[in-house]
Amino acid sequence: MNEVQRSGCPINLTLEVVGDKWSLLIIRDMIFGNRRHFRELLTKSEEGIASNILADRLKTLVEQGIVTKADDPSHKQKAIYSLTEQGIELLPILARMAGWGRKYLPVSEELGIRAQLLTEGGPAMWDDFMAELRESHLGAPPRRGAKPGGTSVAARLQAAYEAVVAKRKRSLGRRAGA
């Protein structure tokens, strides 16, 4: 950490590492959107992060040990970003934040569906999802007891999101045709 810590409080120290809006949104996009390349993180951000801010936050997340950066074997000029164990363990915090936001704020249905499922699934679902993230980001072996060919948590969250988006498009299409 480059700056002087304000206190030894665990909440303060955590906020000094991931307390800005963009860092948590980058981690969110890596977890829920499986975005692993700079261009994906830049162009697919709902919030429209600027490239200089993204570059700065990725650098900080790498320095803090939350994300790693490696050369992408499929393209010499690309890097691939992966969550570390520290980054993966932020999932329950993001799930709780999403649940709180869904309960108290006017979230959209399509962006709130994942929060609903994560809240309903609770810690058991979060553990399964973190195990999946360990496989994809850390190369960990599949978790014991995982059902081969079973639907992953990531796939269930994505399918629920896509179903809400499709329902909304059908609803808008009916209104336009009325």
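## Overall architecture

A residue is taken as buried when its relative accessible area is under 20%. By that criterion, 34% of the 178 residues of the chain are buried. The model is a predicted one.

The chain contains eight helices and two strands, arranged along the sequence in the pattern α-α-α-α-β-β-α-α-α-α. Along the principal axes, the C-alpha atoms occupy a box of roughly 60 × 40 × 35 Å.

## The nonpolar core

The largest nonpolar core comprises 33 residues, and those with the most contacts inside it are Ile26, Ile27, Ile31, Ile66, Leu118 and Phe129. At least two core residues are supplied by each of the following elements: helices H1 (10-18), H2 (21-32), H3 (38-43), H4 (51-63), H6 (91-104), H7 (109-138) and H8 (153-177), together with strand E2 (79-83). Helix H2 provides the largest share of this core, with seven residues.

Setting aside residues up to four places away in sequence, Phe129 touches Ile31, Phe32, Leu91, Leu118, Val153, Ala154 and Leu157. Two of these partners, Ile31 and Leu118, are also listed with Phe129 among the residues with the most contacts inside the core.

## Packing of H2 against H6

The axes of H2 and H6 come within 11 Å and cross at roughly 100°. An angle of 65 to 115 degrees counts as roughly perpendicular, and H2 and H6 are therefore roughly perpendicular to each other. On the H2 side the contact is formed by Leu24, Ile27, Arg28, Ile31 and Phe32, and on the H6 side by Leu91, Leu94 and Met97. By class, the residues of this contact are seven nonpolar, no polar and one charged.

Within H1, the buried residues are Asn12, Glu16, Val17 and Val18. The buried residues of H1 pack against H2 and H4.

Ser23 belongs to helix H2. Its relative accessibility is 1%, so Ser23 counts as buried. Beyond its neighbours within four places in sequence, Ser23 is in contact with Val18, Arg57 and Leu61. Of these, Val18 is one of the buried residues of H1.

## Ser82 in strand E2

Ser82 is located in strand E2. With a relative accessible area of 8%, Ser82 is buried. The side chains of Ser82 and Arg36 make a polar contact at 2.5 Å.

When residues up to four places away in sequence are not counted, Ser82 touches Met30, Arg36, Ile66, Val67, Thr68 and His137.

## Arg134 in helix H7

Arg134 lies in helix H7. Its relative accessibility is 22%, and Arg134 therefore counts as partly exposed. The side chain of Arg134 makes a polar contact with the side chain of Glu85 (2.7 Å).

Apart from residues up to four places away in sequence, Arg134 touches Glu85, Ile88, Glu89, Gly139 and Ala140. Arg134 and Leu83 are separated by 51 residues in sequence, and their C-alpha atoms are 8.3 Å apart in space.

Note on methods:
Residues are numbered from 1 along each chain as its sequence is written. This is a predicted model: local features need pLDDT of at least 70, side-chain atom pairs count only at pLDDT 80 or more; totals for chains, interfaces and linings use all residues. Side-chain values use heavy atoms; hydrogens and water are left out. A nonpolar core is a set of buried Ala, Val, Leu, Ile, Met, Phe, Trp, Tyr and Cys residues joined through side-chain atoms within 4.5 Å. Buried means under 20% relative accessible area, exposed over 50%, partly exposed in between (1.4 Å probe, protein chains only). Helices (H or I, at least four residues) and strands (E, at least two) are DSSP runs, numbered from the N terminus. Contact means heavy atoms within 4.5 Å. A polar contact is a pair of N or O atoms within 3.5 Å; within protein, one must be able to donate a hydrogen and the other to accept it, and residues adjacent in sequence count only if both atoms are side-chain atoms. Axes are lines fitted to C-alpha atoms, for helices over the stretch in contact, and angles run from 0 to 180 degrees between N-to-C directions. Angles under 35 degrees count as roughly parallel, over 145 as roughly antiparallel, 65 to 115 as roughly perpendicular and the rest as oblique. Ala, Val, Leu, Ile, Met, Phe, Trp, Tyr, Cys and Pro count as nonpolar, Asp, Glu, Lys and Arg as charged, and the others, Gly among them, as polar.
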